[in-house]
Amino acid sequence: MDPLTPQNGITFNWKIPKINDLIEKGLQMIKSPRFYISEPGYRFQLLLTPNTTYTDNSQYFGVFFRLVTGIHDSKLKFPFQQRVNLTVYSNNQNKSDISFVVTPNTDPCRLRSAFLRPTTEYDQSTRPDGCGNRRHIAMSALDNYLVNNTLTVSFTVLPDIGEPFKEATLSMKYNSFVSEYVWNINNFTATEKESRDHETISVMSSEPFYTHPKGYLMQMFVTLLPQKKAFAISTALAQGDYDRYSYYFRLLSLKFLIFSFIFFTYKSNLLSLSLIWPFPYGFEVAIVDETPGYWQRDYVVKLHPSTSDCGTAPFLHPNGFPQFCFVTIQSTQLLQLTHYQFIVNDTIRIRFTTKFNEFNSRDIASLNMDQNGKLYAEYSWLIADLENKIEKFDFSGRKIKLYKSNEFYTNGQGYLLQLILTVNCTEKNNSYLGLEMAINEGKYDSILSWPFNKTFQLIISNEREGENAQDDVLLHLNAKSSELQNSVERKHRKDVIIEINPSTDEQCDRRSFMKPIESNEPCGRKNLISFTRIKRSDGFLRLGSLLVKTRVFL
């Protein structure tokens, strides 16, 4: 064990003899002895995963480490924060050593509590979970790293803790409360030329950043498409440290306090806002024009999660697999326009702006009374430019796309609900729209009756005008699928209405109406009406938009 110095940190070398014999036995995991890095200090264990085959049929050797219980744990600081370097040494002068650095501040392992104080139960796990590199060495190249059938793995605790994720800068802009993060893409021209010369797609990504203190973790991407002479800008939410917790904005400085106070006058709930999913804020992505002064004109694309062509998936609570929202696809000629200076010193800057005043607020449905004197809450949702969204649907790829309304309360202290429109595509001429309603966790749930037992209607509204408009067609959820669809296709009537009684219906899961934790499974109809019917001249679209409603009988 080497001594701790500012230059090299602390290193532990693990030699694994007869490694090929262990691999031939089919072992799924090889564990090192447990060791301390100092006295007093943390205790660790190294883990190797040979014989791992991935979906592309490639085989890799994984290298990991984990914290284990030690006699000094009560005196140490947790979570463990120092960076760790995992290295496998090469025996070939023409092959470099393979290293992988884990930074606890930013590594995804932090989301699995990998750096917290270990427990005895965690120590005794038959399948321990480590942190490291799953594809450290290709199995086909393993011989380049063996000496006398012995593999040497180096574990080094570096003397620094690394940089945490950056945060966007908060400010007031044109009477709006916003945050801005600027991504500098260096060597852009060289990267674009290499992609063009080799005719290969190239993807550049920013470092993840928080939209505000203890906020959403966001990442931007630029994809170069040389065959189309174009580039695409996309965004994706990443797993952040605060995704599962409510929080209060910390007043980090006097400037932030002033901004917060000003904004509080017309958005009083911002300072006590928990992270709400899907991501609720409008945002802008801009290519920054470096032209000085008055002539500066950034190329700006504005999006809002509730109306973008991306659907809901890219704005849901993120998991380990990013969901991309492609903000724009443009010709590379845009970057060469003479009246702009998008590229300066081979660098292009892209700015992400979160607009906190464009928030998907929790609305309240309007109260009405029908002809029989029944009180009901009605909520209307206009889905703008749906016709264009349908035309752009990738029928060769995803089969289902979801759009979600703002959350809304049935009344002042009522149930928190949300409408979900499903674009269900099997093929271009055989595709349908579905409409469902979900019950979400609301702040008044503790004083409401459960399970939810209110009869409700889901409505696709026909906004066409004229004397030929007939009465609404009322369809019960319990109707058979073929009868329901044929009835909708056969009768050219005004609105399509599904009425659902939670006490008697048979098609929705009973758990859809229980007291929710975050959100229940939606209830409704996934194949309600065909694209063909929606798009007819006497159909439901008005100026390309669709109006849907729900009525909850109180």
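Guide: What follows is a close look at one strand and its surroundings, and then at some other places in the chain.

This is a predicted model, in which local features need pLDDT of at least 70 and side-chain atom pairs count only at pLDDT 80 or more, while totals for chains, interfaces and linings use all residues. Residues are numbered from 1 along each chain as its sequence is written, and side-chain values use heavy atoms, with hydrogens and water left out.

The strand is β25, which covers residues 375-383 and includes Leu375. Helices (H or I, at least four residues) and strands (E, at least two) are DSSP runs, numbered from the N terminus.

Leu375 takes part in a nonpolar surface patch of about 370 Å², together with Leu367, Met369 and Leu554. Patches are made of residues with over 30% relative accessible area and no salt bridge, where like charges are joined within 9 Å and nonpolar side chains (Val, Leu, Ile, Met, Phe, Trp, Tyr) within 5 Å. A salt bridge is a side-chain nitrogen of Lys or Arg within 4 Å of a carboxyl oxygen of Asp or Glu, and the accessible areas come from the Shrake-Rupley method with a 1.4 Å probe, where for residues only the protein chains shown count as cover.

Glu378, for its part, makes a polar contact of 2.7 Å from its side chain to the side chain of Arg551. A polar contact is a pair of N or O atoms within 3.5 Å; within protein, one must be able to donate a hydrogen and the other to accept it, and residues adjacent in sequence count only if both atoms are side-chain atoms. Setting aside neighbours within four places in sequence, Glu378 is in contact (heavy atoms within 4.5 Å) with Ala365, Ser366, Asn368, Lys549, Thr550 and Arg551.

Turning to the whole chain, there are seven helices and 34 strands, and buried residues make up 48% of its 554 residues. Of the contacts in the chain with a separation of 6 or more, 68% are between residues 24 or more positions apart.

Some loops hold backbone features to look for. Most residues other than glycine have a negative phi, and most peptide bonds are trans. Yet the peptide bond from Phe78 to Pro79 is cis, with omega near 0°, and Pro79 is in the loop between β5 (59-68) and β6 (84-88). A cis bond also joins Trp450 and Pro451, with Pro451 in the loop between β29 (430-440) and β30 (456-461). Lys18 has a positive phi, near 50°, in the loop between β1 (10-16) and α1 (19-24), and with a relative accessible area of 57% Lys18 is exposed.

Conventions: Buried means under 20% relative accessible area, exposed over 50%, partly exposed in between (1.4 Å probe, protein chains only).
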